[in-house]
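Please examine the sequence and the three-dimensional structure shown below. The paragraphs that follow lead through the chains, their domains and the interface between them.

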Amino acid sequence: MNVRVGVFVCNCGTNIGGVVNVADVVEYASQLDGVAFAEEGKWICSVDYLSKIKESIAEHKLNRVVVACCTPRTHEPTFKSTIKEAGLNPYLLEFVSIREQSSWVHKSNPKLATEKAKDLVKMGVAKAILLEPGEDIRISVGKNCLIIGGGLAGMTAALAVADQGFKVDLIEKNSKLGGILNKLDTLAPFDIDAGEIVNDKIGKITKHDNIKVHTNTELEDVKGHIGNYKVKLGNNGNTEELEASTIIAATGMNEIEPQGLIGYGKFPNIITQLQLDEKLRSKSLGKVKNVAIINCVNSRNEERGCCNIGCLVAIKNAVTIKELNKDAKVHIFYRDINIEGEDVNYFKEAVRKYDIKLIRYPDDGKIEVFGNGKNGALTLKTYDILIGKEFKINPDLVVLTTGFQGDSTVEKLRGLLKVSANPDGFFQEAHIKLRPLDFANDGIYLCGCARNPKSIRETIEESLGAAMRAGIPMKKGYVEAEGIVADINKELCNSCGLCAKTCEFGAIEFVDKTQPPNVIKALCKGCGTCAAECPNDAIDIVHYTNEQILAQVDAALEERPETKIIAFCCHWCALGAVDIAGVSRFEYPTNIQIIRVMCSGRVDAKFIERALELNAAGVLVAGCEFPTCHYINGNDKCKDRIERLKKKLSKKNIDTSKIWDVWLSAADGPKFVATVKNMVEELKLGR
Amino acid sequence: MSKSVLIIGGGIAGIEAALNLADYDFQVYLVDNFPTIGGLMARLDKTFPTNDCSICIEAPKMYEVQKNPNIHLLTNCEIRRVNGTEDVFKVRIVKKPRFVDEEKCKGCGKCTEACPVSVPDEIDNKIGGLRKLAYIPFPQAVPNYYLIHPDCRYGKMKDEGACIGDCIIDCIQCRECPIALCVKACKDEGGDAVMLWQREELLDLEVNSIIVASGIESFEPPRGLYGYDVYDNVITNLQYERLMNAGGPTQGEIVRPSDGAHARRIAWVQCVGREKREGKPEPIPYCSKVCCMIATKQTIVTLEHGADAKAYVLHNHLQTYGKGFYEFYRRAKELGVRYLKGKPSDVFENPKTKNLTIRFEDLDKGEVEDLEIDLLVLSTGLIPGNSNKRLSKILKIELNEHGFIKEKDPVNAPFETNVKGIYVCGGATGPIDISESVSQAIGASMKAAIEVSR
């Protein structure tokens, strides 16, 4: 079929038309190869004009559409649905931004602004000619959830998933559900018995038809992806296989024994906070008269951060000791009290009512405990920074509030689930702020102390949240992804597996070096990092193919390449900064021609090389500032790639001073403008 | 038929709850008092402990809200009345006039260009940002419609040059405006979207459940506290956030309000709002959790901007409770930030240089010290949103002693208020960071979804 491109150029009232000679651009567009129809409109996003676009598609038998107007960041969905209504595949649209990238930023030079608008339209048409129909991708998702870990988080999530009508397999490596709560006495700040909560949850779980509990069970193997996990469970040497649609990791945490610290291990009456909880729970503490609780042992140091819950636990157990023996002396040695919000009341009230002594010791952690020879009696010595002198007591029990680490199974699970964890064995969420309960891989979620130490309240909140995250695809029955995905050419592929390692979303299944990997399209986010990294050029990205991007480069540099800078901008922050420069009407030189990619990770070295071969004045790669990347770390990989390219070119004696990069936030309009101005100046351009 | 939910508040918690419930096939009515969603997060420059750009990560979610067919976005709206039982709540909403027809506004900004009147931008306060009377709150605003200040009607801004000619007719009667420049500018663009005669509208809805995500506010220090509002170079942490922002009034330059010079020595005072004065109780009787990390973030960004800058943080209990927080604090220390235990007893200004001297007791050394600086940042705490009281009356939900919305029982009935079918999440529950707000919003959505489907 012949390619017939329709070009619609917007005046945006006078926003574009007041600077750019729109009629001229339309005339120019109509002469371009492949263009069957070109027209201007006052507001091409208006309802009237959108129907006109639909009529024109029918009348002129258009099969590709280029709109030249504002920014794809706000208006792409509108035009996509319009051409879809006209019967065209929505992937056959190319969006050209002549307002943000020309009329608004080259106001004082209408002639050059018009030239640039023409170039942008030409680049758009060049790409449009090569566009292919795409389709949204769907995988069906069933209604079974596997929950790993039967502590409070796992149990709470299990009940919430089951209450939605989905089936749950809840696996627990120990013989009893309850996790760390099975060792705790009471729960702060609510003064609830830990055992009671566990029994209550176990009761509800046992009665629930939708939950199957597997105790003494560990995960042996996981294959597949969201909607279709094949899971192998191990139970004392027996294996069981089952299927799951989604997975929640609620593997909890363990206390780190502070071997060799502050006399731990040397004296029997130096114990950890968790050991104290166990003694209180089993009522086996015995009579103590003088208790020293030391906070921040083995945490808030170079190895690990704050344990989050230690201050609250310390005060809770201090209260219990006082309730057992109101004459006992209890000192809490602390660095900073990390008790916030409402819990401050609980803390203050406890300190006041039970006369608990608080001693602030220095951040360098100087506390010495030694035996004083009298049947197990200890001496504790430190410096009280509030009084400003040495402080000494003779406690009969020393309790160390120590740090935590993720469960010992995390090391294995990390590999099985293809997710990351930090050195302390806590799982890494997809984004610490905005996707706290997701992993980067769709279909797997996390909650509670598997992320980092959590209070009871936070654990419950997160567990409900994880049940929602897992519940959404099961409720819908499918997951859907945009059709901008990786496509592997199996003939060019030599099965090296680099793409699978590069992908942060687990979207590439690599079995071994005997067969090409497979893209799980519904998981692919379309960043294109794998395509840019592939040593054999065997991967392409639908809608951002090598051929399409190179066609844009070629079109941009067809005339007067020595005056032009080709800029590859990511759709998110870099284009955001370009748009802000536009909205703020910051002027910058017209030399820059922007090519949009979804992520800077997509920018292949050969795109840059092609621009240089065609004698471009310069190349700018613009991505999200670090550490923000909408595809986790595509910007990092791009930056490394640019460095490698520069080294390679230097060896060939090719001048690399034309290759620039800039890493922007979406508010960085001024920085983008400054970069363009610098480039123009340093590369001695000017038209 | 799909179930419906009303979400009150379009900050990050409301946005997250809306997106999750919309994906769960709920009809979502997302109501915000302000003309745009985004909440407090949209006003921040960076987020701790990763220094992600705040609007860069929030704006894509805001666009998703706008695109989602299950979400009905009601900005510039207020809840007026709620009646109902646990199954169906009848809600009356007032849509305040924007004086711009949302169906006709193309977001082109010609009205702003035409408007001759600039006023201080609410979000920039004393650091000098201005906005026009015809404006959008910020470039990434969702929805991207402009609005006109109510004072622009009745020819009131004529003396400011906003109108040509006189008018004595009531705008509401007139229904056209031949004199306002913004109206003319829009018409010249072929738009005709500015309607100074717009009136408030009433909307009635029926929903199955309600999530209160009305957010939290930053405490405004009283005049004189550490020299605030008396000395030029004393600002709050929220104002500092705008100073750091490349899109802010100084384009990210850290300059002093007094003379526009770059600030080289900057100190942060923590726990502002927790002072007991003249026998009065503390204005904020709880720890606001996030201010220590906000200060840490601000010092890191400052030192990364200008390597010769010096940063001091005067603190009491340093809150490093969350994942990666302590590591973040260590990074600041490695960059050279000096953390000093102690609270200023006094702040003096040098009337000539406008530099400030802080007098404080360094608890580590046990000595009183004087520290001379160029700029003082008050790390103010977080206080209940000013709509909490009104919402508590309208929804018949209880507040806690501090004025936050009370959760009935965080262990056995998380996110529930005392009214069945009404849930709470995010800053409305108390001081909270973005990550926890998001987790709570998702959790509260789950609660609402399960209860409604029962």
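Buried area is the accessible area (1.4 Å probe) that two parts lose on being put together, summed over both. The size of an interface is often given in this way, as the accessible area lost when the parts come together. The model is a predicted one, in which local features need pLDDT of at least 70 and side-chain atom pairs count only at pLDDT 80 or more, while totals for chains, interfaces and linings use all residues. Residues are numbered from 1 along each chain as its sequence is written, chains are lettered from A and ligands numbered from 1 in the order in which they are written, and side-chain values use heavy atoms, with hydrogens and water left out.

Along the principal axes, the C-alpha atoms of chain B fill a box of roughly 65 × 65 × 40 Å.

Domain bounds come from an automatic or database domain assignment. For chain B this assignment gives domain 1 (4-96 + 201-215 + 385-453), domain 2 (110-188) and domain 3 (221-381). The centres of domain 2 and domain 3 of chain B, taken over C-alpha atoms, are separated by 36 Å. Contact between these two domains, meaning heavy atoms within 4.5 Å, takes 7 residues from domain 2 of chain B and 11 residues from domain 3 of chain B. Together the two domains bury about 700 Å² between them, with 61% of it on carbon and sulfur atoms.

Which classes of residue make up the side of domain 2 of chain B that touches domain 3 of chain B? That side has 2 nonpolar, 3 polar and 2 charged residues. In this classification Ala, Val, Leu, Ile, Met, Phe, Trp, Tyr, Cys and Pro count as nonpolar, Asp, Glu, Lys and Arg as charged, and the others, Gly among them, as polar. The count of salt bridges between domain 2 and domain 3 of chain B is 0, a salt bridge being a side-chain nitrogen of Lys or Arg within 4 Å of a carboxyl oxygen of Asp or Glu.

The interface between the two chains comes next. Here 80 residues of chain B are in contact with 86 residues of chain A. The area buried between chain B and chain A is about 6,800 Å², and carbon and sulfur atoms give 56% of it. In chain B, Y24(B), K323(B) and V411(B) lose the most area to chain A, together 12% of what that side buries. Between chain B and chain A the count is 9 salt bridges. K46(B) forms a salt bridge with E625(A), with the closest N and O atoms 3.7 Å apart. Several elements of chain B each supply at least two residues of the side that touches chain A, among them α1 (12-23), α2 (54-67) and α10 (434-453). Of these, α10(B) gives the most to that side, with 12 residues. The residues of the side of chain B that touches chain A divide into 31 nonpolar, 23 polar and 26 charged.

Chain A is assigned domain 1 (1-134), domain 2 (144-254 + 406-478), domain 3 (267-278 + 290-301 + 311-400), domain 4 (483-538) and domain 5 (544-687). The centres of domain 1 and domain 3 of chain A, taken over C-alpha atoms, are 71 Å apart.

Some details of the backbone remain. Most residues other than glycine have a negative phi, and most peptide bonds are trans. The peptide bond from A188(A) to P189(A), however, is cis, with omega near -5°, and P189(A) lies in the loop between β8 (186-187) and β9 (192-193) of chain A. In chain B, the peptide bond from V142(B) to P143(B) is cis, with omega near 0°. K61(A), a residue other than glycine, has a positive phi, near 50°.

Conventions
Helices (H or I, at least four residues) and strands (E, at least two) are DSSP runs, numbered from the N terminus.
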